[in-house]
Amino acid sequence: MRLQGKVALITGAGSNIGRAMARLFAREGAAVVVGDTDEVGGGETVRLIEAAGGRACSVAGDVSTTQGLRQSIDGAVETYGRLDMFLSNANSGASGTIAQFDRAGAEKLLIVNLMALMEGAHYCLPHMQQAGGGAIVATSSVQALVGVPGHPAYGAAKAGILGAVRSMAVELWPYKVRVNAVCPGGTAGKTWTVIDELGEEYLPEFEARFGRDMRHLPLPVPTDPMAIAQAALFLASDEASYITGQHLSVDAGLGMLRYDVFHGPEPLDTPQAKSQRHSELQAEFEAWLAAKKEER
Ligand SMILES: NC(=O)c1ccc[n+]([C@@H]2O[C@H](COP(=O)([O-])OP(=O)(O)OC[C@H]3O[C@@H](n4cnc5c(N)ncnc54)[C@H](O)[C@@H]3O)[C@@H](O)[C@H]2O)c1
């Protein structure tokens, strides 16, 4: 186990990527504090972790406020006695296009993504120093690296995360606190579904049957939240002990593509063909899952 004896606070862990991170970190031995304003989602993440024999609790701290951040961080230390890892992953808000700019939505994006990372790091630091060091991993996005129309405030928040990560990395290295980011592309994935509904022993068969289509080819495909969690796990673990101030893209190559190539018919499929293929794959997967359940 790579995180035995460690404690992680993961914000936005009541859903999708944050939940995948929480489950994987718990599987690697960490006690996980699931931070999410969605108490139902947070509770479900805790239930899944406990059902798998892991340790977790949830805290409904709103990371857009100082009080919510402190509640989450102090809650982690009160419950588990220390704090080693802070994963700033929550996201909310929306700005719309520049033509239809929504100031309140944009402010929310910047506060939940960027301010929460910096202020959260500020309040985590004394606890990480006490623990002899720590790791901070922020969830940025492919949109920090390429321009996507209609999302200027999201792009700004996610690019801002990378600036904050680099500055904090230099500042906090003397305290043995490393700071890195993951940059997901779009997500969709079935790894946890297979584990939950069939069991881990079915993963090789799932990979052999769907891995190429659902994971690798053709670019770009949605990324399995498990793959993003694995990148975060690496960055948070001692295996990355000399890595700080970096971002790791987990996007099936999406960020490498030029916009015109991505949206043109050659050499990739058209968006319509891709969406048709995704629907077919979804149906194939559902049929496979049902057959395997029957077979067990
Ligand atoms: N899903 C994607 O395709 C994708 C792509 C690139 C980057 N990302 C980034 O990955 C992260 C997770 O994405 P996701 O798809 O799992 O998102 P999600 O919307 O499924 O989950 C976000 C979680 O954050 C929680 N949250 C929102 N505001 C909060 C607040 N103020 N305090 C505490 N919790 C709050 C929500 O309740 C939700 O459970 C986000 O930072 C997102 O921007 C996602």
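In this predicted model, three helices each supply at least two residues to the lining of the largest pocket: α1 (16-27), α4 (103-130) and α5 (152-172). The largest share, three residues, comes from α1. The pocket has a volume of about 540 Å³. By class, 20 of the lining residues are polar, seven are nonpolar and five are charged.

Helix α1 packs against α8 (residues 225-236), and the two axes come within 8 Å. They cross at roughly 55°. On the α1 side, the contact is made by Asn16, Ile17, Ala20, Met21, Leu24, Phe25 and Arg27. On the α8 side, Pro225, Met226, Ile228, Ala229, Gln230, Ala232, Leu233 and Ala236 take part. Twelve residues of this contact are nonpolar, two are polar and one is charged.

The other two lining helices, α4 and α5, pack against each other at an angle of about 15°. Their axes lie 8 Å apart. Angles under 35 degrees count as roughly parallel, and α4 and α5 are therefore roughly parallel to each other. The crossing of α4 with α5 is right-handed. From α4, the contact involves Ala106, Leu109, Leu110, Asn113, Leu114, Leu117, Met118, Ala121 and Leu125. These residues meet Ala153, Tyr154, Ala156, Ala157, Lys158, Gly160, Ile161, Ala164, Val165, Met168 and Leu172 of α5. The contact holds 17 nonpolar residues, two polar and one charged.

Helix α3 contributes Thr66, Leu69, Arg70, Ile73, Asp74 and Val77 to the contact. Helix α4 contributes Ala116, Glu119, Gly120, Tyr123, Cys124 and His127. By class, the contact of α3 with α4 has six nonpolar, three polar and three charged residues.

Terms used: Residues are numbered from 1 along each chain as its sequence is written. This is a predicted model: local features need pLDDT of at least 70, side-chain atom pairs count only at pLDDT 80 or more; totals for chains, interfaces and linings use all residues. Side-chain values use heavy atoms; hydrogens and water are left out. On a 1 Å grid over the protein atoms alone, a cavity is a set of points where a 1.4 Å probe fits but cannot get out, and a pocket is an open set with protein on both sides within 12 Å along at least five of seven lines; lining residues have an atom within 4 Å of a point. Grid points are joined across faces, edges and corners, and a volume is the space filled by probe spheres set on the points. Helices (H or I, at least four residues) and strands (E, at least two) are DSSP runs, numbered from the N terminus. Ala, Val, Leu, Ile, Met, Phe, Trp, Tyr, Cys and Pro count as nonpolar, Asp, Glu, Lys and Arg as charged, and the others, Gly among them, as polar. Axes are lines fitted to C-alpha atoms, for helices over the stretch in contact, and angles run from 0 to 180 degrees between N-to-C directions. Contact means heavy atoms within 4.5 Å. Angles under 35 degrees count as roughly parallel, over 145 as roughly antiparallel, 65 to 115 as roughly perpendicular and the rest as oblique. A crossing is left-handed if the near helix is turned anticlockwise from the far one by less than a right angle, and right-handed if clockwise.
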